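Welcome, and thanks for taking a look at this one with me. Please have the model open in your viewer as you read.

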Amino acid sequence: GVIGLNEAFLSAGAKGVCSTLWDIPDKPTSLFMLKLYEKISKGTDYRIALSETKRDFLNGDYGKEYSGPSIWAPFVYYGM
């Protein structure tokens, strides 16, 4: 499953992989990735940016409809 795909990327030389544990609708996924990479582009470490983005969604910063854990919780980071 998901772990096998992540392991394949890591074995191929990727330093880290962000994936989800279950399907998420396209619109919140797109918004999540946009906000995540905005933080990273400002120099925030990937793991910290991921945690901060999850908290932003949990707090309803991007709309109450996206504050539930089914939207933000499945994003996980594998790697160093």
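## The chain as a whole

A word on the source before anything else: this is a predicted model. The protein chain holds 4 helices and 2 strands. Read from the N terminus, the order of its elements is α-β-α-α-α-β. The radius of gyration is 13 Å, close to the 12 Å that the globule rule gives for 80 residues, so the chain is as compact as a globular protein of that length. Along the principal axes, the C-alpha atoms fill a box of roughly 40 × 30 × 15 Å.

If you like surface figures, here are some to check against your own tools. The accessible surface of the protein chain is about 5100 Å², and carbon and sulfur atoms account for 58% of that area. Of the 80 residues, 30% count as buried. As for contacts between residues at least 6 apart in sequence, 60% of them join residues at least 24 apart.

## Helix H3 from end to end

Helix H3 takes in residues 46-58, which makes 13 residues. From its first C-alpha to its last, H3 reaches 18 Å, close to the 18 Å expected at 1.5 Å a residue.

Both ends are worth a visit.

## The buried side of H3

Which residues of H3 are buried? They are Tyr46, Ala49, Leu50, Thr53, Lys54, Asp56 and Phe57. These residues cover an arc of only 160 degrees around the axis, and therefore sit on the same side of H3.

Asp56 is part of helix H3, and its relative accessibility of 14% falls under the 20% limit, so it counts as buried. Its side chain makes a polar contact of 3.0 Å with the side chain of Lys39. A polar contact of 3.4 Å links the side chains of Asp56 and Tyr62. Leaving out residues up to four places away in sequence, Asp56 touches Lys39, Asp61 and Tyr62.

Phe57 also lies in H3. Is Phe57 buried or exposed? It is buried, with a relative accessible area of 0%. Leaving out residues up to four places away in sequence, Phe57 touches Pro28, Leu31, Phe32, Tyr62, Tyr66, Ser67, Ile71 and Trp72.

## A stop in a loop: Ala14

Where is Ala14 found? It lies in the loop between helix H1 (2-11) and S1. With 31% relative accessibility, Ala14 counts as partly exposed. Ala14 and Pro25 are 11 residues apart along the chain, and 26 Å separates their C-alpha atoms.

Note on methods. Residues numbered from 1 in each chain as written. Predicted model: local features only at pLDDT ≥ 70, side-chain atom pairs only at ≥ 80, totals over all residues. Heavy atoms only, no water. Expected span 1.5 Å × (residues − 1). Buried < 20%, exposed > 50% of the residue type's maximum accessible area, 1.4 Å probe, protein only. Arc of directions from axis to C-beta. Rg over C-alpha atoms; globule rule 2.2 N^0.38 Å. Contact = heavy atoms within 4.5 Å. Areas by Shrake-Rupley, 256 points an atom, 1.4 Å probe, with all protein chains shown as cover. Polar contact = N/O pair within 3.5 Å; in protein donor to acceptor, adjacent residues only side chain to side chain.
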